[in-house]
Each structure stands twice: as structure tokens, then as C-alpha cells.
Amino acid sequence: MKRQSLLLTKRSLAVLLFIALSVTAFIGWKLSNDPVIKAPAEIEDYLFWQAKELTDFKLTGADNKTLGLNELKGKWSFIFFGYTHCPDVCPLTLMVLGQAFKILEKNPAVFPEIQGIFVSVDPKRDTPESLKEYVSYFNDRFIGVTGSTADLDDFSRQMSAMYTVHPKEAGQSDDTYLVTHNSTVFLVDPQGRLHGRFPPPQTPKEVAEVFMKIRMFYNERSNKQWWVF
Amino acid sequence: MVGFLKILSSLALGFVASVASADSIDIQILGPWVQAAPPNVKVLAAYLEIKNNGEKPQLLVNVSSPAFDQVGIHRSVMHGNMAHMEHLRELAIPPHASVTLKPGGLHFMLMDAKKPLHVGDSVPMTLTFKNGGKVAVTATVRAGQMEDMGDHQHMDHSEHMNHNH
């Protein structure tokens, strides 16, 4: 009797194992074969291998408004690091981003989903109030933020957007030092994850079109995962 | 004759050409413009093409503008995606060659604007070369495009230019 029940148990275990393996294999097959899961080739270069979870951070905008991880959630955020005493790369990139927003904002579904954020890594010269005036020139919905060196270091490290504030050159006034910064436009998804990036030199059309494809892929994938599991 | 400058200026829709006599400094300036920026910005960038039509290399050693406290010759350098600026003491223009200042690369850094500048405003500048030659330039403020980073910096007016010298 004892021997038989043991056999039964063994057999049922084998059956269970078989079912479990089949289900796993099926899901694996489903995932690897589903063309929707793999990013389309034309947006592959703009996406990170894996979206990176961000931890909370603290930056300050005009009227003492705090910008943290919560403010990124629920929206697509286009984030650019720079400083206003940068006459060449910064205004050009913000102008391109402003024009990309003009294209995207024509779509009423997209309009409330996107936000543009300029992070000044030069808090000595850029105040949140002056940043508000600066960014609104490029798009009246853009947000300008900065923070303490520690807070800026934390956030830029998370975003892999390192920067360096250089000492002033000999014979120059205290206000004319230079800053090295990353001129990539970073894309954070509505879950607050670093999702993609637009490396320089960007064009408005490229940013708008690639974003729409990333968004479509993201939405399709979200629906698909919901359906599989 | 050295140091003497005969400047032929042609003003065609914000386009200024300055040609000096051959035995002093034979420099031509093409398509000068200033990148528009928010009115509270103190630092702007100017771009142009400097063409040396002469037999000798020319060295640009100073740039000044009555609209700014200071003007520097700068270069944006990209290391990967990192944008970095370098300050140049001088800029060499080889004989029968031109050097183009354009977004994302060489530019004149206009520091401490005396008043806010808007699209359409004119910015006078004086370029001083090592041999003492000076070239007057008037740049127009306009909104730049990433396409300005490309190789075709000539606008439609370049044809007019050729008739003028």
C-alpha cells in the first residue's frame, strides 16, 4: 500500500512538473515570438536595454515648487541638463525640443502626456525664477529646475548625465566660468523610469516621430503583458 | 598701405560682406548671425564664415562688440554626448580657405549683453587680425536650427554677394 501511494505521488509530481514546464515554455515562446515585445529597429537605438527605475530626488522650480519622482510619474518627461550661460548648445537644443513639442502638442491625446524639463547644473548663476523665464521662451509649458550641488549630483548620476563646473580662467570675471554637460535629451516614462534618450544633434521631426513610436510600442507592450499574464 | 582697410559692405537682408584691399587683409565675412535666446540671457553666440582670399594666412586675435562687455572666440567640443567649451586665444584662417563658425562648434561668445536682444536686432562686431587689419561686421539675431550645424551655411543671398566684389 505504502509503495503504491508513493508511486502515485511520483506520477502526479511528474504530471505537475510537465504542466509547469509546458506553461513556462509556452509563455517563453509567446514572449520571444511576439513581434510586439521586441522594440522596432527604428527606435532601438533610442531605448535603453532595460528601463531604469529612478529613486526619489529633489529639485526646485519657480515659486518654490519641488520636482521629485512623483512629478515624473504619469507623464512622459523630456529632460535636458545645461545652464543658461551656455550660448551655443543649450539654446539650440531647447529650441529643437520646443519645436518637437509644437509638433506633438497638436495631438490632443499626447498634449497632456508630455512635459519638458530643463535642469540647470549651474545653481550659482541660475535661480529657479530666472530659469522659468528662460525655458518659457522655448515652450511656455517647459519647467526649469535646479538644486543644491548634492541634489544635482544625485539626480544627474541616476540619469547618467554627468557634468563638471570648471574654475574660471585667469583674467576672467567670477561669472564667466564654463560648464561641461551632457547634451542628450533624456526620456523618462510614465512609470518614472529612464526609458530612452535622444543623442545630439537632434532635430524636431526626429524627436517627435521617434517619441510617437516609443509611446506606441510602450502602450502596446503594456496591453500585451496584461493579456499574457 | 598696411593696416589700411577698404571695406566694401553689402547689406542684403542682414547679410554683410567686408572685403579689404589685397595688400592689407583680404578677408570676406559671409552670413553673420546671432543665436536668439531668452531676453534674460546675458551670453549669446555669433556665427559666420571667415574667408581669406589672400596669399597669407591670417590670425584673428580679437573680437569686440559695442553691445557686449566682452567677446571670446570659443569652440564647443563633443566628447561622446558631453558638450564642452574651449576658449581660443586666436583663430587661424589659411590662405584661400575659410573657417566656418556654426552651432555645435566654433562661435563667438558674446558676454554680458548691455540690453536684451530680440529676433531681427543687429549686432555690430569688429574683428581684429594680428597684422592690425580690422573688419566690421553686422550680424542679425535669428532663431537657429540644428540644420545650421550642417555644411550648407550659405543662404539664398550668397548670389548677391558674388556680384559685390
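Trainee: Which strands do the buried residues of H5(A) pack against?
Mentor: The buried residues of H5(A) pack against strand S2 (59-60), S5 and S6 of chain A. Packing here rests on contacts, and two residues are in contact if their C-beta atoms, placed from the backbone, lie within 7 Å. Helices (H or I, at least four residues) and strands (E, at least two) are DSSP runs, numbered from the N terminus.

Trainee: And which are the buried residues of H5(A)?
Mentor: A:Pro128, A:Leu131, A:Tyr134 and A:Val135. They lie on the same side of H5(A), because they cover an arc of only 110° around the axis. That arc is the one of the directions from the helix axis to the C-beta atoms. A residue is buried if 20 or more other C-beta atoms lie within 10 Å of its own, exposed if 12 or fewer, and partly exposed in between, with C-beta atoms placed from the backbone.

Trainee: Before I go on, where do the model and the numbering come from?
Mentor: This is a predicted model, in which local features need pLDDT of at least 70 and side-chain atom pairs count only at pLDDT 80 or more, while totals for chains, interfaces and linings use all residues. Residues are numbered from 1 along each chain as its sequence is written, and chains are lettered from A and ligands numbered from 1 in the order in which they are written.

Trainee: OK, the sheet in chain A. What is the strand order?
Mentor: The open sheet has 6 strands in the order S1-S10-S9-S4-S5-S6 (chain A), with mixed pairing. Its edge strands, each pairing on one side only, are strand S1 (47-53) and strand S6 (143-145) of chain A. From one strand to the next the twist averages 30°. Helix H5 (residues 128-136) of chain A packs on this sheet and touches strand S5 (114-120) and S6 of chain A, its direction making about 150° with that of S6(A). For such angles, axes are lines fitted to C-alpha atoms, for helices over the stretch in contact, and the angles run from 0 to 180 degrees between N-to-C directions.

Trainee: How do S1(A) and S10 of chain A pair, parallel or antiparallel?
Mentor: S1(A) and strand S10 (residues 193-198) of chain A pair in the antiparallel sense, over 3 bridges. Two strands pair if DSSP finds at least two bridges between them. A:Leu47 stands opposite A:Gly196 in S10(A).

Trainee: What about A:Trp76, buried or exposed?
Mentor: A:Trp76 is buried, because 21 other C-beta atoms lie within 10 Å. A:Trp76 is found in strand S4 (residues 76-82) of chain A. Not counting residues up to four places away in sequence, A:Trp76 touches A:Glu113, A:Ile114, A:Leu187, A:Asp189, A:Pro190 and A:Arg215.

Trainee: Switching topic: which domains does chain A have?
Mentor: Domain 1 (1-33) and domain 2 (41-228). The bounds come from an automatic or database domain assignment. The centres of the two, taken over C-alpha atoms, are separated by 49 Å.

Trainee: Now chain B. How many helices and strands?
Mentor: Chain B has 1 helix and 12 strands. Of the 165 residues in chain B, 38% are buried.

Trainee: How many residues of chain B are in contact with chain A?
Mentor: 26 residues of chain B are in contact with 26 residues of chain A. On the chain B side, strand S4 (44-52), strand S6 (68-79), strand S7 (82-88) and strand S10 (106-113) each supply at least two residues. S7(B) gives the largest share, 5 residues.

Trainee: What does B:His84 touch?
Mentor: A:Thr180, B:Val77 and B:His79, leaving out residues up to four places away in sequence. B:His84 is in strand S7 of chain B, and B:His84 counts as partly exposed because it has 17 C-beta neighbours inside 10 Å.
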